[in-house]
Amino acid sequence: MKIDAFHYIQLGTVYRGLNPVPEKEVIAMYEGSHVPLEIMSDFYGKSSHGHTMKQFMDIFSLPEMTLLLCVNDYFMKHNIDYEPVHLYKDVKEAIGDVHVRGIMYRAVEADNEKYICYGEQTHAVLRKLSKNGKKMFLITNSPFDFVNRGMNYIVGKDWRDLFDVVIVQADKPGFFNDRRKPFRRVTDKGVLLWDRIHHLEKGQIYKQGNLYEFLRLTGWRGSKVLYFGDHIYSDLADLTLKHGWRTGAIIPELRKEIKIMNTEEYVHTMTWLQALTGLLEQMQVHQDPASQTVIQQWINEREEMRLRTKDIFNAQFGSLFRTYHNPTYFTRRLSRFADIYMASLSCLLNYDLQHTFYPRRTPLQHESPIWPEQTSTGTHVGESLHITSVL
């Protein structure tokens, strides 16, 4: 199911297997459409410590969700009685096993062109930052051999020259919290050395470690650091809340959604939907039968248009960022943990290194929408970079 920022289920997005669950059944099951806080996922979007829901919110979730849906659907179609908890745990274990045993790494390495996009623009961004004296570091949970092959393909054989520090098998998010794991140097052949690490040197590869030791050895602290990641919990949450780093989230789905938002169909639909909502707000004070008839027609039309805007993005779930007019639960967490977000790192090529991103001042409920971007309903989006706070 899809849930908004205020824990309300977006009716029409609840699925059991591959089939939608009727709205009446959802309302009966949850005694409405609100999901209580105590059964929502924990801080990191996982189901643990009494929470009975897990938030799927990254690219690794796609195969896990698909497998859950398909197996669930198979059991129901063949009238097989099963325990949902066992199904979830088995699928979760299978997905984890693919990572732990290196099955995924080997599959990707065997066919780079199929799974990895050549990153000419990524290389351009990194070179631009490096040439202008920016210190850059890479912290990844993947093993060095996999990282090296991938970066050679995406960025080029000189990729290690662009980074001042490279850390592999970091075990994020534990890397940001566990002070006990020291850094260990790794040779190009994958041999682990015993040396105590007193400096993090450019050109060397380090394994594990922890953020506290990283901060001590580099002195890179506070809001002068901008850290990019593609997982808002494992990558960004602790850094922004505990360490005061600036954070940037990479959301690949943003590119597709912005293209849709700039289509004539979407702009026309949203413009009329906003106008219709304004008319309803003003006309509802009229209680005469003729006015009430018109108002009801408008309510019906508005509901149809809300469903249409959902289907424009995705027939099953709608936009990743909105449930009708409200932000999704994902958007709420994204806004909390990411200072900026974008479709890919290459978006930075559109900006000078001295560019300042100012947050958009959106009116509160008691404020009048006096700024142009709030009064105009047909403005195109333009850039695939969204800002949520000052850099």
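This is a predicted model: local features need pLDDT of at least 70, side-chain atom pairs count only at pLDDT 80 or more; totals for chains, interfaces and linings use all residues.
Local features required a pLDDT of at least 70 and side-chain atom pairs a pLDDT of 80 or more, while totals for chains, interfaces and linings use all residues. Residues are numbered from 1 along each chain as its sequence is written, and side-chain values use heavy atoms, without hydrogens and water.

The structure holds 17 salt bridges, each defined as a side-chain nitrogen of Lys or Arg within 4 Å of a carboxyl oxygen of Asp or Glu. One of them joins Asp235 and Lys172 at 2.8 Å, N to O. Asp235 lies in helix 10 (residues 232–242), and Lys172 lies 63 residues away in the loop between strand 4 (165–168) and strand 5 (183–186). Helices (H or I, at least four residues) and strands (E, at least two) are DSSP runs, numbered from the N terminus. Asp235 is buried, with a relative accessibility of 6%, and Lys172 is buried at 14%. Here buried means under 20% relative accessible area, exposed over 50%, and partly exposed in between (1.4 Å probe, protein chains only).

A salt bridge also connects Glu64 with Lys54 (3.3 Å, N to O). Glu64 belongs to helix 2, whereas Lys54 is in the loop between helix 1 and helix 2, 10 residues apart. Glu64 is buried at 6%; Lys54 is partly exposed at 27%. In the pair formed by Arg180 and Asp178, the closest N and O atoms are 3.0 Å apart. Arg180 is exposed at 71%, but Asp178 is buried at 17%.

Phe60 is found in the loop between helix 1 (23–30) and helix 2 (61–77), and is partly exposed at 39%.
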